[in-house]
Each structure stands twice: as structure tokens, then as C-alpha cells.
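Trainee: I have a new model open and would like to learn how to read it. Please take me through it feature by feature.

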Amino acid sequence: MVLGGENTLSGSAPTANGHVKESNGFIPHSNGHVPQYKDDKIKKMSQESFEPVPLLVACLTYLGYGMLVLFGYFRDFLRKSGVETTHSTIERKKMKDFVPLYQSFESFYTRNLYTRIRDCWNRPICSVPSAEFDVSERVSDDGNWHLRLTGKSRRCVNLGSYNYLGFAENKGPCADAAAEALQQYGAGVCSTRQELGNYRIHEELEETTARFLGVEDAVTFGMGFATNSMNIPALMGGKGCLILSDELNHASLVLGARLCSTVIKVFKHNDIEDVERKLREAIINGQPRTHRAWRKILIIVEGIYSMEGSIIKLPDFIRLKKKYGAYLYLDEAHSVGALGETGRGVTEYWGVDPRDVDIMMGTFTKSFGAAGGYIAGSKRLINHLRAYSHSTTYACSMSAPVAQQVISSMKIIMGEDGTNRGQLRIKQLAANSKYFRQRLVEMGFIVYGNDDSPIVPVLLYMPAKIAAFSRELYQQNVGVVVVGFPATPLVESRARFCLSAAHTREMLDKVLDAISDVGDRLQLKYSLNSPVKAVSAEECYSQVDSLAHKA
């Protein structure tokens, strides 16, 4: 076994028989049995669609970007000559001997491409981000350099927020409980958890989270992004460690990995063969130059990938990490609450034991309608993070009303409020996701991801169609997020629909009609696959209707 090395703060060393001892920060690998699945069930759950871009569309997309870049250089020449007014930030003349701060390709891209369609992003809303929301109208008199609010708003169906279970509400039991917490504790804590910012409500939140996930303990933080970026360094402390990261991991995971003094290797998205190849090579070759054994190997993956709508093949990763003595870090920001029969996330979706995942991370910003994040696992892991994580040492504690919002929504999901409202929301989200995705596929759009994912990306490709799609749907009272380069590959610009349990079937039918109309006018139905007959609404919503009658 080549994973050896002396024990460190959060490290581990294998014994002679190859099993890993318990050490600070991690639980020992159990000899637990990874559930065996029927092949047909695995095949169905693993089915994901990533239809390749048609050749003609790819060529036209590259041509479109090429023309925009050439036109951008021409406009920069006009600005430099004084023919066109320069609105963007430029260097002062007295700073000419310094390295330029703003003359990068990123600033060129922002100035000449992004700004032209900037009205499609950062739209301010003036209501609760529930199934429908009010979007403030803006106008520009100078080509989007400055956007001016008109004072009017437009009521739109919300398909851009991560409000998966519909808990982003300003009335109801969660809002009432949060208001009571505000009265009792106030809005701010004004201290860190290690000083004077540890309230009883924080401990209740962590106990509820651990119980909900089925693990020994959990620690919570006030910011989801910092949960990843600040805790991965606390777990990997020091050189001689290796991180294997999915190529599509979120920026917070990428930043957290880069803040470690470790070697990082990137594997192909959800490709278990590539992961195993890199694991084997790492164990055989050891560390660079010295060829000593790696002190620790950590595999970092997500439950649902937010740009692709794909779901991690968790049983395969658990099998691999046990086989090679590695550790598994699972980011469930988008999957906890949104997957599984009772909303327990991707571990419940695949039917695996949560204790087989070494580090379970998630956020409260999506399914729970609040803010912050958590890391869950063994008591030893959590105690290590409470002592050494920068997020607990230096960051201010979570606001009490936010903590209460999470506790209340989590208890509703678990049915501890004495109703089946939580189960009804979970079934409604699953039905909405399947129905919406299948209808789009039937229309002829190229749709990425897994059928069970509440994130539904529709490929747009061409830069001009990104803006046209967003603006046309906005005119039909549909709020949607469009994404382009550099957030996606150059030829994979897309619209990303986020489904919610708060959406009714009637809302989705209205939205689908609008999308089909815009898709026809913009010629966005690129799919070359054979037409697929969509599942009927009755099939999708049968469980929802049954639960609703019992309520």
C-alpha cells in the first residue's frame, strides 16, 4: 500500500493489512458493503444526455465570436483615436511605466462583448424569489454602459432561482419562526463561534442537520462559498497530499483546492475510468521527484453539477475510494433536499450509506431558502474543523433568523411538523423536473443532464441568440438565466432553468409554450436525435395528486 506516511493533523496512515487508521479530521474507512444494484436500475439512474453540437452550429458559433472580436478591436481603435467615447476603466497616463491593470483579454471581452448584452444579467428583483417574482425594468441610453431603473416592474415566472423546495417565502411557518428568532436574538451575532457567537440555536441547527443527513455530527457556516474554500485547506493541511478534482467542479471547490499546498489533478467529468487511472498512477508513481507515498488522497465531486444538470455516479466513487484508500469529499449544494425519496440528497438517491462518504458538504441557500452551509461526517472530523477551520475561527456566526429558517424547513421536510407538506414538496419538485425536461426534449431542444435533476440546461450556442432568448422570454413574462463564455465552453452557451416545488403544472405549461414559440422564431431546436414521446403529465404528477388528496 503506497498511501503511507506519518500521521499529521488531518492525515492517516495505512496499517500492514492495508486498512487506514483513524486520525485527526477523518473517520476510518469502514469495511461496509457498497449496495449492489440491479443493472437496469443503475442504467436508468445513470442515463444522462449530452448530445454533441451539430457541426454547422459549431462553425457558425465560432464565426459569430470571431466577428465580435474583430469588431471589438475596431471599436477599441476608434476609442483610442477619440472617435468613440471610452466608458470603461483605463490606465492613467502617469501610470504608463507600471504593469497595466486593465488591459487584459478579460477587460477586452467585458468591454466589447459582455457589455453589449449586459441587460440580460444582474436583473434586480423587488419581491420574494418564489414561483413568480417582480423584476425591475431597466433601460439604457448608451449601449448598456449605464442601466437606469424606470421605477416599473414586470411579474415573471421565476425559472432562475435555486428555490428547489419553495421555502423562499415571506409568510408561513418558516417565516413566522424566523421572525420570532429575530425578536429573541436580533439580526446579527457580532462574534465568531469560538468567542461569544455560539448560540443555542446554532447547536440546534447542527444537531438537526446531522440527524437529517444520518451522520454523527455537523458544523455550520454563514456562507456557502466559504464552506468549501476555507475548509478544504483545513482538511488537507500541508504538502505531500493529492487532490483529484472533477473538471466541472464549482469555483469554491477549485479555490479551496488551490489554497492547499497540494498537488491537484483534474479528471474528466463523472468519468470513473479516468479517476481510477489517475488514482493508480498516483499510487504507483508517488509524489513528484521524491516518489514517496502520498500522505493523503482526496477525491472532490458534486452531487448535482449546476451547469450540466448531471448527477454524480456515487456508488462507483465509493467503490474506488475504498479500493484505493482515498477519501471522498461530496458537495451537495444542489442535491440535498432536491434528490431522494425524503430529500436526503444524492446518498439517498443512490441508496448508499451516508457514512461511506468521508466529508459531506452542502448549503442552505437552495432547498432550504436560507443562507450558509455545512460540513457533516464523523465527530472526529467535525471537532477538527471546529478547532482549525478559518470559517469558525475568524468568520462571524450565522444570523439567528437564518438558522431558524433552516431548522424550520428541515423539520418540515422530515415531517416533524406533523404534516406531509415536506413530502409533497419533494414529490412536486421531482414531477416538475421530469415533466419540464421531457417536454423540452420532445420539442427538439438539446437538453443536458439527468432526468431527475431539477437543473435543466438548454443549449443556445450562438452569442447573439443568448441575448435574444433572454429578452424574448422576458417580454413573455418568463425570468430565465442565460450563461455564456467564460462560464461555459465557447460553443456551449445555454439557458439554465431551475425548477421548484412552488411551480404549478399550469405555470410550467405556460412557460413551455413561450419557450417553444421563442425556440421556433430563433431556430434553437437543434437536436438531431429521433423525436422522443414525452411522458404524460398524469404519469409525472400521479404521486403528487395522491399525496395532495391525503393532506
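Mentor: We can start with a charged pair. The side chains of arginine 494 and glutamate 492 meet in a salt bridge, with N and O 3.1 Å apart. Keep in mind that this is a predicted model.

Trainee: What is the general idea behind such a pair?

Mentor: Side chains of opposite charge can pair when their charged atoms come close.

Trainee: Is arginine 494 buried or exposed?

Mentor: Arginine 494 counts as buried, because its relative accessibility is 0%. Glutamate 492 has 23% relative accessibility and so counts as partly exposed. Elsewhere, salt bridges that share partners join Arg75, Asp76, Arg79, Glu84 and Arg111 into one network.

Trainee: How many salt bridges are found in the whole structure?

Mentor: The search finds 31. Another of them links the side chains of aspartate 417 and arginine 421, at 2.8 Å from N to O. Aspartate 417 is partly exposed, with a relative accessible area of 28%, and arginine 421 is partly exposed at 37%.

Trainee: Which residues make the nonpolar surface patch?

Mentor: Leu56, Leu60, Leu63 and Met67 make a patch of about 420 Å². Leucine 60 belongs to helix 2, which spans residues 55-81. With 37% relative accessibility, leucine 60 counts as partly exposed.

Trainee: Now the strands. What is the general idea about side chains in a strand?

Mentor: In a regular strand they alternate between the two faces of the sheet.

Trainee: How many bridges join strand 4 to strand 10?

Mentor: Five bridges join them, and the two strands run antiparallel. Strand 10 covers residues 373-377.

Trainee: What does strand 3 pair with?

Mentor: Strand 3 (residues 148-158) pairs with strand 2 in the antiparallel sense, over seven bridges. In that pairing, glutamate 132 stands opposite valine 157 of strand 3. Two bridges also join strand 3 to strand 13 (residues 478-479), and these two run parallel. There, asparagine 158 stands opposite glycine 479 in strand 13.

Trainee: How should I read backbone angles in general?

Mentor: Most residues other than glycine have a negative phi, and most peptide bonds are trans. We can look at some departures from that pattern.

Trainee: Where is asparagine 122, and what is its phi?

Mentor: Asparagine 122 sits in the loop between helix 3 (105-114) and strand 2 (132-139). Its phi is near 55°, a positive value in a residue other than glycine. Asparagine 122 is exposed, with a relative accessible area of 58%.

Trainee: Is tyrosine 461 buried or exposed?

Mentor: Tyrosine 461 is buried, because its relative accessible area is 0%. Tyrosine 461 also has a positive phi, of about 70°, although it is not a glycine. Its place is the loop between strand 12 (455-459) and helix 15 (463-475).

Trainee: Which peptide bond is cis?

Mentor: The bond from phenylalanine 485 to proline 486 is cis, with omega near 10°. Proline 486 lies in the loop between strand 14 (481-483) and strand 15 (494-498).

How values were computed: Residues are numbered from 1 along each chain as its sequence is written. This is a predicted model: local features need pLDDT of at least 70, side-chain atom pairs count only at pLDDT 80 or more; totals for chains, interfaces and linings use all residues. Side-chain values use heavy atoms; hydrogens and water are left out. Patches are made of residues with over 30% relative accessible area and no salt bridge: like charges are joined within 9 Å, nonpolar side chains (Val, Leu, Ile, Met, Phe, Trp, Tyr) within 5 Å. Accessible areas come from the Shrake-Rupley method with a 1.4 Å probe; for residues, only the protein chains shown count as cover. A salt bridge is a side-chain nitrogen of Lys or Arg within 4 Å of a carboxyl oxygen of Asp or Glu. Helices (H or I, at least four residues) and strands (E, at least two) are DSSP runs, numbered from the N terminus. Buried means under 20% relative accessible area, exposed over 50%, partly exposed in between (1.4 Å probe, protein chains only). Two strands pair if DSSP finds at least two bridges between them.
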